[in-house]
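Here are my notes for you. Keep the structure open as you read, and take the points in order.

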Amino acid sequence: MRARPKRREGLRALLWLSPWIAGFSIFFAYPLASTVYFSFTNYNMFTLEFVGLDNWRYLLQDDRVWVSAKNTLWLVVFMVPAQVVFSIGVAQLLTKLKTGVGFFRTLFYLPTLVPMVAGTVAFVFLLNPVGPVNQILSWAGIAGPDWFGDPSWSKPSLTALAVWGCGNTMVIFLAALLDVPKHMYEAAAIDGAGAWRQFRSITLPTIAPVLMFSLVTAVIYALQYFTQAMIASRVASGATDSAGSSFTPGYPEGSLLTLPQWFFHAAFRDSNMGYGSVLALLLFATSMIFTLILLRQFRKAEEVHS
C-alpha cells in the first residue's frame with residue numbers, strides 16, 4: 001500500500017518537472033548531442049559524411065584556433081576583472097554621494113542603452129590615430145597610439161569599451177551594496193576599522209553571492225565575445241561588404257580574433273559545420289571549466305568566512 005503513494009508522488013513530481021525536462025531536452029540535451037555527432041562528420045548543410053576524428057586532429061593543427069584561444073583567454077584574464085572592479089568602484093562611490101545620486105546613476109548607466117554596433121563604431125572613431133582622444137593627448141605632449149590598428153593596443157582598447165558599457169553590472173552591485181546593514185559599518189568604525197578593512201571584512205563577504213554571479217556571467221560573456229571585436233576589427237581595417245572585397249577577422253594581425261569569430265568563420269563562411277561543431281564543443285568545455293573553477297573558489301571563500 002505504501003508503494004502506491006510513493007509512485008503517485010513520483011508521477012506528480014515528474015508532471016511538475018515536465019516543462020523543465022522538455023525545455024532541457026529540446027534546447028540543451030538534443031543540440032549538445034547533435035553537435036557531438038556532427039563533430040565526427042564532414043557536414044556542409046547539404047551533404048553529410050562520417051570522417052571520424054579528422055576534425056579533432058585538424059583542431060590541433062589549426063594555428064588560428066590557438067591565436068583565437070589566446071586572445072579570448074586574455075579577455076577573460078584582463079577584461080573581466082577590469083569590468084568587475086570598475087563596476088564595484090562606481091557602485092561604492094554612488095553609495096557615498098549625498099547629492100546628485102540620480103544624475104550620476106543615469107550617467108553611468110546610459111552607455112548600456114547605446115546599441116552595441118553603434119557604440120563600437122563610435123569608440124573606433126574616438127580612438128582613431130587622428131581622432132579626438134589622440135588630439136587631447138597631443139595637447140598634453142603625449143603621442144597617442146594607433147589604438148585599434150596596433151596589435152599591442154587593440155585588446156586594451158576593447159577592454160576600455162567593455163568598461164565603458166558595464167552599467168548593468170554597476171546597477172547590480174549598487175543594489176547589493178545598499179543592502180549591506182549600516183550598523184555593521186558603524187560597529188567596525190567604533191572598533192577602529194578603516195575604509196579598506198571595512199570593505200574587505202564586511203562589504204566583500206556580504207556581496208559575495210552577487211560578486212560570484214557577476215564573475216560567472218562576465219566570464220561566459222567574454223568567452224562568447226563576438227560582435228564588438230568583429231565590428232572594431234572591420235571598421236579599423238576599412239573593410240566593406242562590397243562586391244569583390246574580402247575580410248579576414250582578427251585585424252590587426254589576428255589580435256582581435258576570438259574563438260566565437262573563428263567558429264563563425266569556419267562553420268558559416270567556410271560551410272564546414274563539422275569543424276564548427278568541434279569549435280563549439282571547445283567553447284562549451286572552456287565555459288564549464290571556468291565556471292567550475294569559480295564556483296570552487298567561491299565555496300572555499302565561504303568556508304573561510306563561516
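Which residues in H5 meet which residues in H12?

1. **The contact.** This is a predicted model. On the H5 side, the residues are Met116, Val117, Thr120, Val121 and Val124. They meet Thr227, Gln228, Ile231, Ala232, Val235 and Ala236 in H12. By type, the residues of this contact divide into 8 nonpolar, 3 polar and no charged.

2. **The geometry.** Two packed helices are described by the angle between their axes and the distance between the axes. Helix H5 covers residues 116–126, and helix H12 covers residues 227–237. Their axes come within 9 Å and cross at roughly 40°. H5 and H12 are therefore oblique to each other. Their crossing is right-handed.

3. **The record.** An unreviewed UniProt entry lists six stretches under "transmembrane region"; among them are residues 73–95, 107–127 and 202–223. Treat these as the entry's labels.

4. **Two of those stretches in the model.** Residues 73–95 are 100% helix and 0% strand. The end C-alpha atoms of that span lie 33 Å apart. Residues 202–223 are 95% helix and 0% strand. Here the end C-alpha atoms are 31 Å apart.

5. **One residue to look up.** Find Gln198 in helix H10, residues 195–206. Is Gln198 buried or exposed? Its relative accessibility is 15%, so Gln198 counts as buried; the cut-off for buried is under 20%. Leaving aside neighbours within four places in sequence, Gln198 is in contact with Tyr185, Ala188, Ala189, Ala193 and Thr203.

Methods:
Residues numbered from 1 in each chain as written. Predicted model: local features only at pLDDT ≥ 70, side-chain atom pairs only at ≥ 80, totals over all residues. Heavy atoms only, no water. Axes fitted to C-alpha atoms, helices over the stretch in contact; angles between N-to-C directions. Helix = DSSP H or I, 4+ residues; strand = E, 2+ residues; numbered from the N terminus. Parallel < 35°, antiparallel > 145°, perpendicular 65-115°, else oblique. Left-handed = near helix turned anticlockwise from the far one by under 90°. Contact = heavy atoms within 4.5 Å. Nonpolar A, V, L, I, M, F, W, Y, C, P; charged D, E, K, R; others polar. UniProt positions renumbered as here; feature names shortened; annotations may be inferred. Buried < 20%, exposed > 50% of the residue type's maximum accessible area, 1.4 Å probe, protein only.
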